[in-house]
There are 2 protein chains.
Amino acid sequence: MYSQIAFPPSHYADRTARTDISKSFPPSIIEDTQLHQLVVFAPNAEIYAQGEPTSSLYQVEFGTVRIYRLLADGRRQITAFHVAGEFFGFEADDAHHFFAEAVDRCGIRICQRPLDKGLASELLPIALDALVRAQKHLLVIGRQCAGERVAAFLIDMMERQGDMRHVELAMSRTDIADYLGLTIETVSRAFTKFRERGYIRLKSARTIDIVDVDALRILCA
Amino acid sequence: MYSQIAFPPSHYADRTARTDISKSFPPSIIEDTQLHQLVVFAPNAEIYAQGEPTSSLYQVEFGTVRIYRLLADGRRQITAFHVAGEFFGFEADDAHHFFAEAVDRCGIRICQRPLDKGLASELLPIALDALVRAQKHLLVIGRQCAGERVAAFLIDMMERQGDMRHVELAMSRTDIADYLGLTIETVSRAFTKFRERGYIRLKSARTIDIVDVDALRILCA
DNA sequence: CGCATCTTTGATAAGTCTCAATAATCGTGG
DNA sequence: CCACGATTATTGAGACTTATCAAAGATGCG
């Protein structure tokens, strides 16, 4: 009798292992005052690791950051990408619950302000916004099929870049797959399908012209 | 040529439609002061709807609450369950982004405190905790298979009920499925598998004895 | 006790993953 | 500037997991 219920796959480590940062340069500190540092990270450099003590609030100056968690066997879920202007890295207790890495070369403002009531009231709307984003992403991952997920991702990136006719993706197909709970092959096939249907044009794998925004919007409901 | 990429299914409305609350009783107000109301909701009663103006902070006194979002075709994703003591319903802007419903009969303390700096510093850790929970759930839904998801759900419910040998589930298989991004059939088969393997005993569909916690823990990594 | 609802089980279909190979791109050094 | 190797992306075929459809069984409420 075949029960139809699968149990954990043997391993995934080859496909979604944590980025090897051995080749990346150490971050360089550009500015340094009592409360602020502007630090530049090379592509794939680690900003902080899960379990590290929380010390700071981070703000993206330029570039893109990925926040993720891992399973013991190497399966990875990227929970968020952050772009210029956005905050991340604040936690309720004294240890980071996630990893943060630079996707491309990026500048991060690291802020050491003590968590007083003033900061709390500034942080609360940011935290609530992050919560809404995460919960909306749960709907995408939990209830939408591959094509819908990729469409939702493209729409989101377009809106964050403020241009509904063109998108520049900082991240690889692997990052997109780990953000959407898919494999790189499935993500790639969705892009191909969009191209075949005339929704997008791929100037290169990461440089995309949007031909039919409405089609993408309808797709992700 | 078959592209391997699926597009949205025709409809799901029959399976995961929003709960029909036409039969439920109006909520009854038990206590009422300037800042506090204790309101009792019947099973499946709506606490607030997506789009409604936010007015309050909610705390569960007893019972279980589900928070969810819908797609246009009725697909539903439950983003969180809340049990006694937990807060929910605070939002960054002036409209609710989600629906909240009573799973079983439950008492909700509705609080009208103005959002000042004092409240913000109380709320921030709660919001951050909710954010961490949502992001951890993203990993479960995005990267774990059916058996792992159900195991993770059981472990979570056990820990929240403070008893590692027994769980009482307030919610139906439909709710569990919509929380885990599965179908009720798949959830049911996972329970059956756990029973066959001797991990759990089902006294009824919602009354569960845990025989082998470690097996469940290992399963969800 | 009976009916509606919820849950389980089975058979089949559909969607995504896996494995494999090819193609394109990027960075580096000649 | 081109050649080369390494990385990244695309495409194809087949396997596997979960969804769908259908029906039977259990549970709970009036």
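**View 1. The buried residues of α5(B) pack against α3 (146-161), α4 (173-180), β11 (200-204), β12 (207-210) and α6 (213-219) of chain B.** This is a predicted model, where local features need pLDDT of at least 70, side-chain atom pairs count only at pLDDT 80 or more, and totals for chains, interfaces and linings use all residues. Residues are numbered from 1 along each chain as its sequence is written, chains are lettered from A in the order in which they are written, and side-chain values use heavy atoms, with hydrogens and water left out. Contact here means heavy atoms within 4.5 Å; helices (H or I, at least four residues) and strands (E, at least two) are DSSP runs, numbered from the N terminus. The buried set (under 20% relative accessible area, 1.4 Å probe, protein chains only) is B:Val187, B:Ala190, B:Phe191, B:Lys193 and B:Phe194. They span an arc of only 160° around the axis, so they sit on the same side of α5(B); the arc is taken from the directions from the helix axis to the C-beta atoms.

**View 2. A:Arg76 and A:Asp178 pair up in a salt bridge, 2.7 Å from N to O.** That term means a side-chain nitrogen of Lys or Arg within 4 Å of a carboxyl oxygen of Asp or Glu. A:Arg76 belongs to strand β6 (residues 76-82) and A:Asp178 to helix α4 (residues 173-180) of chain A, 102 residues apart. Both ends are buried: A:Arg76 at 3%, A:Asp178 at 1%.

**View 3. A:Glu86 and A:Arg160 form a salt bridge, with 2.8 Å between the closest N and O atoms.**

Conventions: Buried < 20%, exposed > 50% of the residue type's maximum accessible area, 1.4 Å probe, protein only.
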